[in-house]
Amino acid sequence: MLQQRRCHNDNHGRAIIKVRFCSTCGAVLNSNVKQSQCPDERHAKMRRLQSTYCMDCGERLVRER
Ligand SMILES: [Zn+2]
Ligand SMILES: [Zn+2]
């Protein structure tokens with residue numbers, strides 16, 4: 001695995017993962033889940049939930065300063 005950094009997101013430890021990407025580190029959790037194109041409002045909603053990455057398309061939601 002390329003991801004060396006420990007991620008605190010619970011998704012990594014789950015046996016059944018229904019999302020493609022980790023919302024915290026952006027790593028692919030389940031490559032069997034189809035990558036989808038998200039409408040902007042979906043990303044806006046995730047941003048409000050303080051997700052750094054989109055769980056569906058892996059896009060970074062928080063801009064680096
Ligand atoms: Zn993670
Ligand atoms: Zn997305």
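Helices (DSSP runs of H or I, at least four residues) and strands (DSSP runs of E, at least two) are numbered from the N terminus, and by this assignment the protein has 1 helix and 0 strands. The model is predicted, with local features requiring pLDDT of at least 70 and side-chain atom pairs counted only at pLDDT 80 or more, whereas totals for chains, interfaces and linings use all residues. Residues are numbered from 1 along each chain as its sequence is written, and chains are lettered from A and ligands numbered from 1 in the order in which they are written.

**View 1. Overall dimensions of the protein.** The C-alpha atoms fill a box of roughly 30 × 30 × 20 Å along the principal axes. The radius of gyration is taken over C-alpha atoms, and the globule rule is 2.2 Å times the number of residues to the power 0.38; because a compact globule of 65 residues would have a value near 11 Å, the 12 Å of the protein agrees with that expectation. Two residues are in contact if their C-beta atoms, placed from the backbone, lie within 7 Å, and among contacts between residues at least 6 apart in sequence, 28% join residues at least 24 apart.

View 2. A residue is buried if 20 or more other C-beta atoms lie within 10 Å of its own, exposed if 12 or fewer, and partly exposed in between, with C-beta atoms placed from the backbone; 15% of the 65 residues count as buried. A nonpolar core is a set of buried Ala, Val, Leu, Ile, Met, Phe, Trp, Tyr and Cys residues joined through C-beta atoms within 7 Å, and the largest one has 7 residues, namely Phe 21, Cys 22, Leu 29, Met 46, Tyr 53, Cys 54 and Met 55. Leaving aside residues up to four places away in sequence, Phe 21 touches Gly 26, Ala 27, Val 28, Leu 29, Tyr 53, Cys 54, Met 55 and Gly 58.

View 3. Ser 36 is found in the segment before α1 (40-48) and is exposed, because 11 other C-beta atoms lie within 10 Å. Beyond residues up to four places away in sequence, Ser 36 touches Asp 56 and Cys 57; the C-alpha atoms of Ser 36 and Asp 56, 20 residues apart along the chain, are separated by 5.7 Å. Asn 32 also lies in the segment before α1 and counts as exposed, with 7 C-beta neighbours inside 10 Å.

**View 4. Gln 50, following the helix.** Gln 50 is found in the segment after α1, and its phi is near 65 degrees, a positive value in a residue other than glycine.
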